[in-house]
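Dear colleague,

I am passing the structure below on to you. Please look through it first; my notes on what was found follow.

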Amino acid sequence: MAITNNTEPSNLSEFVMNKGHGVKGLSETGLKSLPKQYIQPIQERINVKDVLQGQSIPIIDMSNWDDPKMADSICDAAEKWGFFQIVNHGVPIEVLENVQEATHRFFGLSAEEKNKYSKERSSSNNVRYGTSFTPQAEKALEWKDFLSLFYVSDDEAAALWPSVCRDPALEYMKKTEIVIKKLLEVLTKRLNVREIDSQKENVLMGSKRININYYPICPNPELTVGVGRHSDVSTLTILLQDNIGGLYVRDEKRDSWIHVPPVKGSLVINVGDALQILSNGRYRSVEHRVAANGSSNRISVPIFVNPRPSDVIGPLSEVLATGEKPIYKEVLYSDYVKHFFRKAHDGKGTVDFAKI
């Protein structure tokens, strides 16, 4: 099928979404200009003038968990930036490399094979192949394909997850679990939580979702985005990015954007809306977005660490024990997530759902 920047929306949707080619298939047709459906409004494009040069989010060495300075660095970064990178975190480099290779394997499958996991064809809502973010709600589409895997159990993963990426994705999830627990222990200690009991553990990290993302070469990257402005709905997000770059984090004080350069072997950590709500705003989930790339294919693999869908989230009692007034109400987490996914990316708009 010949795709041009004037291809009718129904024909483009048929090729990209219904047939399962995604934007990867679109890119591989060799198209010379961006289809109009992907052209973002000027205010949503990434402008070089808005990027702070020479600035970066903190990089924290995790080799000594007993060092109080390391704990302070983590909490300070979560308060000031909402984002930081960690190195010497204990997750073996081969585990990270294996899940990156598995990502390329999945997206190297035929459109027909990948499409077995689309919303219309997948045997479970817990396994979803798709493109953009919420195409039915978006005025302009995003230049990204993804496979989203909600973890329930090893048995379900064995039965439902694509075999080409299942084992490396599970291994990556399991090897990061210790890091996630330690990060949450450090962060909640500053919130006066003495111990993470089973109930708190459920609210902080009772469910997980792993996405494998593919951002193919784009003919006019300056006109679109890989991912639009948003904050995550998670407690924490643990992101593995490749060596291409393209992740930008908002510096709210200076109304600018900061590039997060890839550091080999590192993981990018960011605070999600759930932790912002649980901490009553002390820790900040921050807007971020991803640029499209005109010369390289890019992949990323985030793990979203979340409350369980059935959990009610609100400011922790330990945070309010000193007399601090709550700025968020209690909300059912599944309602919060549904609110996020039924609309296009809109910066920090989702967290208003929980404001008093």
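**Salt bridges**

There are 18 salt bridges in total, counting a side-chain nitrogen of Lys or Arg within 4 Å of a carboxyl oxygen of Asp or Glu. Please keep in mind that this is a predicted model, in which local features need pLDDT of at least 70 and side-chain atom pairs count only at pLDDT 80 or more, while totals for chains, interfaces and linings use all residues. Residues are numbered from 1 along each chain as its sequence is written, and side-chain values use heavy atoms, with hydrogens and water left out.

For burial I use relative accessible area: buried is under 20%, exposed is over 50%, and partly exposed is in between (1.4 Å probe, protein chains only). E28 is exposed at 57%, whereas K24 is buried at 12%.

A salt bridge also joins K264 to E97, with 3.7 Å between the closest N and O atoms. K264 lies in the loop between strand 9 (256–259) and strand 10 (267–271), and E97 lies in helix 4 (residues 93–107), so this pair ties together parts that are 167 residues apart in sequence. Helices (H or I, at least four residues) and strands (E, at least two) are DSSP runs, numbered from the N terminus. K264 is exposed, with a relative accessible area of 71%; E97 is partly exposed, at 32%.

**Helix 8**

K181 and E177 form a salt bridge of 4.0 Å, N to O. Both residues lie in helix 8 (residues 177–189), 4 residues apart, which is about one turn of the helix. An α-helix has 3.6 residues a turn, so residues three or four places apart point the same way. K181 is partly exposed at 32% relative accessibility, and E177 is partly exposed at 29%. Elsewhere, salt bridges that share partners link E44, R229, R250, D255 and E287 into one network.

The 13 residues of helix 8 should span 18 Å at 1.5 Å a residue, and the end C-alpha atoms are 18 Å apart, which agrees. The expected span is 1.5 Å times one less than the number of residues. The buried residues of helix 8 include V179, I180, L183, L184, V186, L187 and T188.

**Nonpolar cores**

What joins the residues of a nonpolar core? The set consists of buried Ala, Val, Leu, Ile, Met, Phe, Trp, Tyr and Cys residues, joined through side-chain atoms within 4.5 Å. The largest core has 68 residues, and those with the most contacts inside it are I74, L147, W161, Y172, I210 and I238. I74 touches I60, M62, W65, F84, L183, V186 and L187, leaving aside residues up to four places away in sequence; contact means heavy atoms within 4.5 Å. A second, separate core has 13 residues, among them W81, I258, V260 and V290.

**Strand 12**

How many of the residues of strand 12 are buried? In this strand (residues 298–306), 9 of 9 are. Both faces are covered: R298, S300, P302, F304 and N306 are buried on one side, and I299, V301, I303 and V305 on the other.

Strand 5 (residues 207–215) runs antiparallel to strand 12 and is joined to it by 7 bridges; two strands pair if DSSP finds at least two bridges between them. K208 stands opposite V305 in strand 12. Strand 7 (residues 236–241) is also antiparallel to strand 12, with 6 bridges, and L240 stands opposite V301.

Regards
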